Amino acid sequence: MSEYKKIIEENESQVRSYCRKYPVVFTGAKNSTIWDEDGNEYIDFLAGCGALNYGHNNGEIKSEVIDYLLKDNITHAMDMYTEAKGKFIETFKKLILDPRELNYKLMFCGSTGTNAVEAALKLCRKNKKRSNIIAFMGAFHGMTLGSLALTTDKTSRDGAGVSLDNVTFIPYENGLGEKFDSLDYFEAILNDDHSGIEKPAAVFIETVQAEGGINVASVEFLKRLEKICHENDILLVADDIQVGCSRTGTFFSFERAGIKPDMVTLSKSIGGYGFPMSLLLIRDDLDIWKPAEHNGTFRGNQIAFVAARKAIEYNVEHDVNGQVVAKGALVKEYVEKEIMPLDEKISLRGIGLIWGIDFGKFEDKDFSHKVADKCFEKGLIIERAGRGDCVLKILPPLTIFEHDLFKGLDIIRDSIEELLGR
């Protein structure tokens with residue numbers, strides 16, 4: 001056993017998970033390729049669970065960070081005024097918000113996405129003076145108690161140790177089949193004085209459920225949801241933590257529907273380089289915080305501000321959205337032609353560069369697990385998602401070269417063929 005693997009196993013908590021799926025010691029990475037200590041090479045279809053949209057060690061972002069550090073610029077400043085923060089806000093507003101006519105205030109929440117969700121929960125309840133929240137079955141919004149109350153998978157919820165309250169779950173679009181209209185049900189809850197469900201302060205939605213199994217909400221669903229919220233004085237919060245920052249082919253995942261949520265949570269790739277950063281975008285009139293009413297020691301991560309600003313510039317200058325649309329079309333075409341014909345029970349869902357190959361109809365309920373393990377043996381790092389973890393989740397860096405994208409897809413096809421005995 002590797003020296004460092006042994007040290008980690010002997011000393012780190014049993015809570016660790018990814019190292020159990022990929023039991024090697026990783027030492028280097030560039031764009032969509034990772035190397036282990038023995039020099040083995042892996043294509044990365046995990047991308048830090050969406051935190052590495054710009055790839056591992058993006059050269060342009062790295063140069064900006066190194067230059068900042070070499071000049072002994074301030075690296076930690078709570079929420080004090082700094083040049084790094086000012087430049088990020090200026091760039092984000094100019095290149096992202098203004099062109100989309102989005103008038104949001106920016107709240108820097110701390111080091112991880114769940115903190116942005118917690119802040120949104122507090123602020124929604126503070127504004128509307130109601131405690132109940134609507135969330136969707138299949139949702140994942142974070143692991144701290146407020147965010148976890150919005151999250152549905154049993155394993156995550158079982159870790160809470162306390163009751164998770166003040167949330168009402170409704171089915172996602174087509175969550176109970178095409179004949180069940182979840183928004184009809186939502187309206188019935190709101191209009192029925194015997195529903196037994198309190199009017200919510202807000203609805204939280206992932207326009208693409210990632211951990212829920214790559215479920216993509218339709219434009220019609222999102223438009224109607226916004227309309228219901230507006231008509232009933234309910235806030236709409238878009239969780240773009242995993243599927244924002246151009247993952248779906250537009251910077252914000254909700255752009256395709258032409259809606260404007262009241263609040264938006266961002267984290268993961270907003271930090272540009274894998275640096276911890278989370279951000280809550282707030283409709284101007286909803287920003288009723290008192291000073292320090294929600295705070296966090298690392299809400300002033302200056303290195304993240306530097307990387308995030310350069311990442312926004314990189315995104316626009318390199319037309320990352322255009323790249324994602326083109327590469328996403330390649331993934332869809334490949335899977336439909338090369339993988340789905342292997343078995344009629346295989347299905348595909350996705351958008352941009354987030355796709356799910358669904359094996360849920362297989363009798364072998366561990367088949368997706370076996371495929372992921374086989375892929376790793378062949379040099380591909382890939383995760384599973386959805387109910388029963390039956391969905392193979394394709395989530396590469398947005399900057400992945402086409403030849404590496406196809407190499408990874410070939411590994412998936414070959415792994416499935418081998419397991420099917422073809």
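Here are some questions and answers about the aromatic rings and nonpolar core of this predicted model.

Residues are numbered from 1 along each chain as its sequence is written. In this predicted model, local features need pLDDT of at least 70 and side-chain atom pairs count only at pLDDT 80 or more, while totals for chains, interfaces and linings use all residues; side-chain values use heavy atoms, leaving out hydrogens and water.

Reader: Is Phe92 buried or exposed?

Author: Good place to start! Buried means under 20% relative accessible area, exposed over 50%, and partly exposed in between, with a 1.4 Å probe and protein chains only. Because its relative accessibility is 0%, Phe92 counts as buried.

Reader: How many residues does the largest nonpolar core have?

Author: A nonpolar core is a set of buried Ala, Val, Leu, Ile, Met, Phe, Trp, Tyr and Cys residues joined through side-chain atoms within 4.5 Å. Phe92, Phe252 and Ile412 have the most contacts inside the largest one. Its number of residues is 83.

Reader: What kind of aromatic pair do Phe92 and Phe251 form?

Author: Rings of Phe, Tyr and Trp (its six-membered ring) pair if their centres lie within 6.5 Å; planes under 30 degrees apart count as stacked, over 60 as edge-to-face and the rest as tilted. For Phe92 and Phe251, the centres are 6.2 Å apart, with 65° between the planes. The pair is edge-to-face.

Reader: Which ring does the charged end of Lys21 sit over?

Author: A charge sits over a ring if NZ of Lys or CZ of Arg is within 6 Å of the ring centre and within 35 degrees of the ring normal. The charged end of Lys21 is 4.6 Å from the centre of the ring of Tyr18.
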